[in-house]
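Please look through the sequence and the three-dimensional structure below before reading the briefing. The notes that follow are grouped by topic.

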Amino acid sequence: MTETQHQGRVLPVTDLSLVVLVGASGSGKSTFARRHFKPTEVISSDFCRGLVSDDENDQSATRDAFDVLHYIAGKRLAAGRRTVVDATSVQQDSRRQLIELAREHDVLPIAIVLDVPEEVCAERNAARADRAGMPRRVIHRHVRELRRSVRHLEREGFRKVHILRGVDEVEAASVVTERRFNDLTHLTGPFDIIGDVHGCSAELDALLGKLGYTDGVHPDGRTAVFVGDLVDRGPDSPGVLRRVMAMAAAGSALCVPGNHENKYGRYLKGRRVQLTHGLAETVEQMDQESEEFRQRVREFIDGLVSHYVLDGGRLVVCHAGLPEKYHGRTSGRVRSHALYGDTTGETDEFGLPVRYPWAEDYRGRAAVVYGHTPVPEASWLNNTVCLDTGAVFGGKLTALRWPERELVDVPAERVWYEPVKPLREEAPGGRDGRPLDLGDVRGRRAVETRYAGRVAVREENAAAALEVMSRFAVDPRLLPYLPPTMAPTATSRVEGYLEHPAEAFAQYAADGVARVVCEEKHMGSRAVALVCRDADAARGRFGTDRVTGALYTRTGRPFFDDEAVTEEVLGRLRSAVDAAGLWAGLDTDWLLLDAELMPWSLKASGLLRSQYAAVGAASGAVFPGVLAAVTGAAARGVDVAGLLARQRERAADAAAFTDAYRRYCWSTEGLDGVRLAPFQLLAVRGRSLAGLPHDEQLALLDRLVEHDGSGLLQTTRRLYVDTGDPESVRAGVDWWLELTGRGGEGMVVKPVAAQARDPQGRLVQPGIKCRGREYLRIVYGPEYTRPDNLARLRQRFLNHKRSLAIREYALGLEALDRLADAEPLWRVHEAVFAVLALESEPVDPRL
Amino acid sequence: MFLTLGTIGTPERPATDLGFLLHKHPDNAQAFSTSYGTAHVFYPEADARRCTAALLLEVDAVALVRRGKAKGRGGAPDAALAQYVNDRPYAASSLLAVALGNVFSTALRGVCHARPERAAEPLPLRVEVPALPARGGPDLVRNLFEPLGWTVTAEPVALDAEFPEWGDSRYVRLVLESRTLTLAEALRHLYVLLPVLDDAKHYWVAPDEVDKLLRAGEGWLPGHPEQKLIVSRYLSRRWSLTRQAMERLELVRLAEADDSEVEQIDNAVAQETETEEKPAPLAVLRREAILDALRRSAATRVLDLGCGQGQLVQALLKDPSFTEIVGVDVSMRALTIASRRLGLDRMGERQAARVQLFQGSLAYTDKRLKGYDAAVLSEVVEHVDPPRLSALEYAVFGSARPRTVLVTTPNVEYNVRWETLPAGRPRHGDHRFEWTREEFRAWAGAVAGRHGYDVEFGPVGADDPEVGPPTQMAVFTLVAKEAKAA
């Protein structure tokens with residue numbers, strides 16, 4: 001550091017702000033900007049002039065150039081980036097536009113004035129080839145306008161004004177970046193956020209005690225955060241203020257202002273305010289206090305910051321809630337929203353303003369904890385929670401432990417103040433079936449997953465998913481998961497086979513997966529079962545009425561049209577869970593199961609009749625005649641030997657096809673004959689079980705099946721294979737041959753460890769299916785096993801299917817994790833919807 | 001794919017003359033290659049008394065699956081095209097008719113140089129088609145062939161003998177017998193009527209199909225009692241080409257993923273099956289009632305939620321007092337048809353500025369729907385599963401919140417008045433429920449109460465004293481806040 005820099009002025013500039021450099025042409029604005037700000041922070045009008053006209057000095061392009069400048073600055077500010085405008089800005093009108101821009105994006109406008117003598121400016125311009133022709137009067141006018149403006153800058157709306165006079169002061173000045181007051185992202189707590197106290201000092205003491213504070217200090221160094229409305233209505237506002245101010249002064253509490261403090265603060269400053277809504281009580285109580293205390297209260301209220309962004313940006317605390325675009329912003333309307341919330345402009349039957357349900361629209365990543373609107377119970381909605389549980393109205397005083405997300409409350413000692421209207425039955429947008437927003441699923445999207453990064457969804461696929469989701473799916477609240485598609489094993493070269501387990505074992509061995517489990521592939525339809533302990537549990541966790549869960553297909557459609565049949569299946573499942581003691585064993589009151597429901601004919605009967613049985617019927621009808629005719633011709637000595645042999649083979653293939661599909665059909669009567677084979681426990685309360693190793697999974701499911709008294713549940717046969725041991729691999733192949741030889745559909749090979757990764761750290765396929773030779777007739781046609789057909793079919797392409805399987809798998813895991821973390825419904829739905837959308841991507845449907 | 005064609009001879013007129021007439025020697029087996037596979041012609045029996053020719057088309061199913069280069073990845077076939085498992089190798093579809101036309105083209109024209117006199121005269125004929133796909137069943141088969149002089153035996157083929165509860169397949173075993181037709185006539189009947197009975201969607205049809213039909217139908221089609229059906233079905237296969245092009249492959253794939261048929265989910269556009277359309281133009285009455293109510297509410301900016309094929313949007317456009325008309329539907333197919341119906345891409349700028357169509361769903365709230373004067377839900381609510389009606393309710397009345405909402409829905413009490421509608425059956429296959437007048441009023445009243453609307457009810461169509469009108473309408477009006485505060 002040189003001497004001069006030490007002596008120079010230090011200009012504080014807020015980290016998120018719109019900095020307007022004010023100075024005549026040639027005053028050194030660009031040089032100043034270059035020296036003190038990042039090149040990308042600075043937008044100059046000359047540069048924008050060049051963009052639109054190819055000439056940085058073309059004055060006729062000025063209007064367009066400023067359009068571009070405002071547009072770029074707007075984009076940067078919307079993204080939360082400090083922006084420095086390098087234009088003369090000596091005219092009030094041009095500055096007004098910039099101030100409006102700053103307000104529009106809720107950032108501080110800051111002016112830095114470079115007041116340099118006219119001669120210096122002229123000299124510098126003369127030295128520059130492109131400005132040498134600038135008339136002296138232009139610079140003269142700039143300087144005159146600047147001098148005239150300087151005194152009014154603060155009144156114009158600039159929140160900070162730095163004026164540098166003369167070349168030396170400009171040269172010596174330095175810029176220091178300041179945090180915004182509301183930016184406490186560096187504080188990580190842990191915090192105890194406390195709802196609206198309203199003068200209930202006894203309840204506050206009780207709550208602080210329950211939270212573990214002694215004399216306002218927590219032994220573990222926790223910080224209390226008050227959401228405001230400390231005063232009014234209650235019995236002891238001064239006591240509450242005294243406690244909170246002491247804690248704040250000692251550094252063990254933070255506080256944001258509520259609308260009641262704000263109003264009392266204005267009263268203390270001598271403004272005329274109506275002594276309504278409980279302010280009269282505060283005024284009366286405070287009149288008993290000393291003048292000195294009232295003065296300290298006034299200063300305290302004056303110093304309150306509208307909201308805080310805490311814990312690395314994960315937590316926002318304010319009084320009345322705050323949409324994401326206002327987080328960390330600084331403007332009058334941000335403060336006003338933080339204090340009063342948003343209203344619709346309507347008033348309700350009690351004459352109170354109708355509040356806009358901003359939390360329903362909230363999609364931000366930061367949790368917003370607020371108060372202001374009394375509700376009977378604090379509950380999360382879209383990552384927001386209102387802690388005002390009406391302590392002063394005889395409700396309770398509630399706190400939220402952060403990051404634990406635990407609610408702690410104490411009951412009110414009594415009704416201290418009669419409410420104007422009853423506490424709302426439900427938190428805004430709570431559990432009353434309000435729908436998701438289309439903006440969360442529509443169009444081209446990318447879903448962030450923790451397992452495979454961003455997964456893209458194309459617009460046409462989202463459109464198809466929207467159609468199916470809207471018209472046919474079960475209630476999205478009961479649809480927390482959709483199963484991913486599964487890739488088949490690499491194509492086999494073994495004679496007569498298209499799929500064979502040897503390739504599956506080899507693929508896992510190559511991926512570094514040593515232990516796999518082969519699970520029998522059931523011959524039915526995929527079904528996901530959400531089963532709750534009872535209707536109350538369903539209501540409590542999923543917010544639905546009447547039902548106790550759901551049973552749905554791989555595209556989210558209800559398995560049975562009749563809700564009563566679904567309930568019957570869920571009832572049988574529930575009895576098995578009861579008997580197996582799994583509620584307690586898994587510490588839950590609901591289970592999400594992945595399963596296969598049999599017979600296939602139960603759901604696919606339409607397809608069976610129109611496609612599979614039709615092929616059987618047609619072939620069955622045609623071949624007797626064909627064979628008789630060809631035999632007749634042969635008997636006459638016509639040379640049809642080749643034709644006859646081929647027709648006999650084709651007839652046999654067709655018969656084998658008919659046998660193949662018949663195995664998946666049997667008649668059912670009500671639920672008699674219906675079987676459900678669960679093969680994975682996906683989730684329980686607070687936990688995704690997708691990572692639970694498959695041997696543990698199967699042990700739990702075996703317990704479930706054992707305790708089923710209804711005959712509904714069916715076990716999943718399995719064999720464990722060591723992919724590195726040829727003996728074990730051979731046993732696996734034999735098992736499959738035996739299984740499929742008896743008419744089984746095939747098997748699925750999975751890494752025992754469930755979520756496995758390859759040596760490069762990428763997710764490996766969660767399962768690979770090996771379908772039986774006869775079953776594949778249903779997929780590839782009756783005659784696929786003919787050598788010439790097999791030769792052609794072996795040229796199938798698996799890569800897209802594999803990639804799709806991994807992407808859908810990652811989305812499914814993501815949905816389960818979001819469910820486990822009690823994330824808002826739209827977050828879970830986003831991932832589930834994406835799975836459905838991906839299912840409509842083009843891929844060979846026979847894979 | 002197989003059929004036999006036999007005749008009975010006399011000492012003067014040996015049955016083996018059939019070989020001359022068909023231009024195929026009875027002692028040889030001949031093979032002809034066609035674009036779908038190999039056609040074989042051989043004679044299971046051939047002597048002076050009886051002679052039968054057999055046509056067997058061996059379809060190459062694997063080659064039939066087109067390998068799309070653009071669609072899918074790596075040249076893999078796409079969903080709708082991958083039809084390995086189908087009846088084409090077995091059933092006597094239109095492909096067999098094409099083979100018949102190729103292999104017996106001369107005989108089809110009635111030309112026979114060796115036995116010209118025999119070609120021109122009738123002969124005893126027996127045609128057997130063991131697996132004939134027959135949309136319309138044995139009755140239609142009889143109605144098509146009997147007027148032409150055939151004695152028809154058409155026996156339905158069971159879908160699967162092991163599952164008698166599945167009933168009959170769409171195939172019949174067909175035997176045709178006649179003594180009054182020439183061979184050429186018989187072949188031309190088969191050439192036209194096999195594809196008509198097949199009535200399948202996905203077969204390629206040449207652009208000169210009309211000419212072919214006129215030629216093959218000469219002499220018998222013009223007087224046929226089922227002429228209209230024959231022509232429309234024969235040529236409808238051309239229309240189905242456009243239908244296929246419109247098919248939403250994404251939906252086909254979702255149906256396949258769920259082991260169901262695409263018709264089960266891609267059914268938003270009704271194929272004019274509404275019973276109600278026939279006796280009275282109820283749809284027209286409904287639109288008039290809606291327009292009346294909209295004019296009374298002085299709405300100028302109107303949402304048509306569930307606009308379907310855009311009939312109401314079209315009617316609204318004709319009235320300049322509606323300055324902004326938005327049609328919303330969840331079905332992309334419906335929107336495509338609506339857009340075509342309205343001619344959106346050819347519309348003048350000023351008109352086009354008044355109308356918008358986009359995909360939306362009332363299962364979700366949608367910011368784009370806020371701030372309109374009125375919303376119409378015409379025949380929409382009954383397509384929503386009852387557990388999801390609360391979502392629709394909030395999306396419309398809680399979130400979009402237009403000043404006026406019109407809801408029309410069938411009055412189920414009136415269904416007894418539809419003679420063609422079986423008792424207890426809904427008017428449309430996709431109706432999840434149909435309400436009585438009382439049920440509708442109860443729902444609408446509760447909705448209005450929850451969201452601050454007043455509601456009035458009115459009939460659409462003649463108000464039957466006993467069962468009420470065919471369609472019921474509710475008009476919801478947002479209660480002005482000032483009025484309430486006072």
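Strand 32 (residues 746–751) of chain A pairs in the antiparallel sense with strand 33 (residues 768–771) of chain A over four bridges, where two strands are said to pair if DSSP finds at least two bridges between them. This is a predicted model, in which local features need pLDDT of at least 70 and side-chain atom pairs count only at pLDDT 80 or more, while totals for chains, interfaces and linings use all residues. Residues are numbered from 1 along each chain as its sequence is written, and chains are lettered from A and ligands numbered from 1 in the order in which they are written. Helices (H or I, at least four residues) and strands (E, at least two) are DSSP runs, numbered from the N terminus.

**The sheet of chain A**

- Gly746(A) has Arg771(A) as its bridge partner in strand 33 of chain A.
- An open sheet of five strands in chain A has the order 24-33-32-25-31, with mixed pairing, and its edge strands, which each pair on one side only, are strand 24 (487–488) and strand 31 (718–722) of chain A.
- Helix 18 (residues 501–510) of chain A packs on the sheet and touches strand 25 (515–520), strand 31, strand 32 and strand 33 of chain A, and the direction of helix 18 makes about 5 degrees with that of strand 32 of chain A.
- Axes here are lines fitted to C-alpha atoms, for helices over the stretch in contact, and angles run from 0 to 180 degrees between N-to-C directions.

**A hairpin in chain A**

- Strand 22 (residues 445–449) and strand 23 (residues 453–457) of chain A run antiparallel and are joined by five bridges, and a hairpin links strand 22 of chain A to strand 23 of chain A through three residues.
- Thr449(A) has Gly453(A) as its bridge partner in strand 23 of chain A.

**Two helices within chain A**

- The axes of helix 22 (residues 600–635) and helix 23 (residues 641–662) of chain A come within 9 Å and cross at roughly 155 degrees.
- Helix 22 of chain A and helix 23 of chain A are therefore roughly antiparallel to each other, given that angles under 35 degrees count as roughly parallel, over 145 as roughly antiparallel, 65 to 115 as roughly perpendicular and the rest as oblique.
- The residues of the contact of helix 22 with helix 23 of chain A divide into 15 nonpolar, six polar and one charged, where Ala, Val, Leu, Ile, Met, Phe, Trp, Tyr, Cys and Pro count as nonpolar, Asp, Glu, Lys and Arg as charged, and the others, Gly among them, as polar.

**Where chain A meets chain B**

- In total, 81 residues of chain B are in contact with 74 residues of chain A, with contact meaning that the C-beta atoms of two residues, placed from the backbone, lie within 7 Å.
- Helix 10 of chain B gives the largest share of the side of chain B that touches chain A, seven residues, and the residues of that side divide into 40 nonpolar, 17 polar and 24 charged.
- Helix 17 (residues 459–471) of chain A and helix 10 (residues 249–257) of chain B pack at an angle of about 55 degrees, with their axes 9 Å apart, and that makes helix 17 of chain A oblique to helix 10 of chain B.
- Strand 21 (residues 436–437) of chain A pairs with strand 11 (residues 364–365) of chain B in the parallel sense over two bridges, and Asp437(A) stands opposite Thr365(B) in strand 11 of chain B.
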